[in-house]
Amino acid sequence: MAHANAGLIGPNAIIRVAETLRERLGDDTARDIFARAKLEERLATPPESMVPETEVCALQTALFDGLAGEDAKRISFEAGLRTGDYLLARRIPKFAQFVLKRLPPRMAARTLLSAIGKHAWTFAGSGTFESKAGYPVLVSIANCPLCRGRHSTEPQCDFYTGTFQRLFETLVSRNTTVREIECEAAGGKACVFEIAWPKTAAQKAEHAPAAHRQRELAS
């Protein structure tokens, strides 16, 4: 069943993009991008509550239309990192963080994914969030609001990539890497993110084929 606030997204998707644009490319560029998105008022007065997902989509479209591809990806990714920093500082309880950091990575990832899933409506809007807590972790957002209506030859949802990167590298493993391996803008059925970290020797053995494990035990 859809959440009562489906179609709305947290204000960080606007605020952190504005911050990053201003700091990295200057006020003039920030004004130009927000004007392209017809969101000048959001730049002048940052939102304090949930915003329509159409505004987030418009801002991401303006970002990728108004900047060179790598600049747009870099700004969107850093805005995602900043969103992760905000969540760690203001939204995720310190005790929960303390516990997660002391769990084995796979257990920490499973616990974190469960929490993310419960709050997915705050960042996925009317999109459909799903996750798989194996190794690597897979997260997908179908009908993704970030790249909705866009067409590209490469993934476009760097804001989500940055947010997942910060959360998982802080709470699961400092060596986490996050990649968007499928994107609706590039023809995918959903936007899919692969989240991985270096395996321990025990994890490698657990995932090795049975015959290989037997050879290792016999050696």
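These legends describe close-up views of one predicted protein model.

The model is predicted, so local features need pLDDT of at least 70 and side-chain atom pairs count only at pLDDT 80 or more, while totals for chains, interfaces and linings use all residues. Residues are numbered from 1 along each chain as its sequence is written, and side-chain values use heavy atoms, with hydrogens and water left out.

**Figure 1. Overview of the fold.** The protein has 11 helices and 6 strands. Both are DSSP runs, numbered from the N terminus: helices are H or I with at least four residues, strands are E with at least two. Of its 219 residues, 46% count as buried. Buried means under 20% relative accessible area, exposed over 50%, and partly exposed in between, with a 1.4 Å probe and protein chains only. Contact means heavy atoms within 4.5 Å. Among contacts between residues at least 6 apart in sequence, 65% join residues at least 24 apart.

**Figure 2. The largest nonpolar core.** This core holds 55 residues. A nonpolar core is a set of buried Ala, Val, Leu, Ile, Met, Phe, Trp, Tyr and Cys residues joined through side-chain atoms within 4.5 Å. Leu21, Phe123, Cys157, Tyr160, Phe164, Phe168 and Phe193 touch the most other members. Helix α9 (residues 158-171) gives the largest share of the core, 6 residues. In soluble globular proteins, nonpolar side chains tend to be buried together.

Figure 3. Helix α1 (residues 12-25) and helix α2 (residues 27-36) pack at an angle of about 140 degrees, with their axes 7 Å apart. Therefore α1 is oblique to α2. Axes are lines fitted to C-alpha atoms, for helices over the stretch in contact, and angles run from 0 to 180 degrees between N-to-C directions. Angles under 35 degrees count as roughly parallel, over 145 as roughly antiparallel, 65 to 115 as roughly perpendicular and the rest as oblique. From α1, the contact uses Ile14, Ala18, Leu21, Arg22 and Leu25. From α2 come Asp27, Thr29, Ala30, Ile33 and Phe34. These residues divide into 7 nonpolar, 1 polar and 2 charged. Here Ala, Val, Leu, Ile, Met, Phe, Trp, Tyr, Cys and Pro count as nonpolar, Asp, Glu, Lys and Arg as charged, and the others, Gly among them, as polar. Beyond four places in sequence, the contacts of Leu21 include Gly26, Leu63, Leu67 and Ile75.

**Figure 4. Arg22 on helix α1.** Arg22 lies in helix α1. Arg22 is partly exposed, with a relative accessible area of 38%. Not counting residues up to four places away in sequence, Arg22 touches Asp27, Ala30 and Leu43. The Arg22 side chain reaches the backbone oxygen of Leu43 at 3.5 Å.

**Figure 5. Glu78 on helix α5.** Glu78 sits in helix α5 (residues 69-91). Glu78 counts as buried because its relative accessibility is 14%. The Glu78 side chain makes a polar contact with the side chain of Arg82 (2.9 Å). A polar contact is a pair of N or O atoms within 3.5 Å; within protein, one must be able to donate a hydrogen and the other to accept it, and residues adjacent in sequence count only if both atoms are side-chain atoms. Neighbours within four places in sequence aside, Glu78 is in contact with Thr20 and Arg24.

**Figure 6. Thr161 and Val178.** Thr161 belongs to helix α9, and Val178 to strand β5 (residues 177-182). Thr161 is buried at 7% relative accessibility. Val178 is also buried, with a relative accessible area of 11%. Leaving aside neighbours within four places in sequence, Thr161 is in contact with Phe77, Val178, Glu180 and Phe193. The C-alpha atoms of Val178 and Pro136 are separated by 9.8 Å, although the residues are 42 apart along the chain.

**Figure 7. Backbone details in the loops.** A cis peptide bond joins Tyr135 and Pro136, with omega about -5 degrees. Pro136 is in the loop between β3 (128-132) and β4 (137-142). Lys38 is not a glycine, yet has a positive phi of about 60 degrees. Lys38 lies in the loop between α2 and α3 (40-44) and counts as exposed at 70% relative accessibility. Asn143 has a positive phi near 55 degrees, again in a residue other than glycine. Asn143 is found in the loop between β4 and α9 and is partly exposed at 38% relative accessibility.
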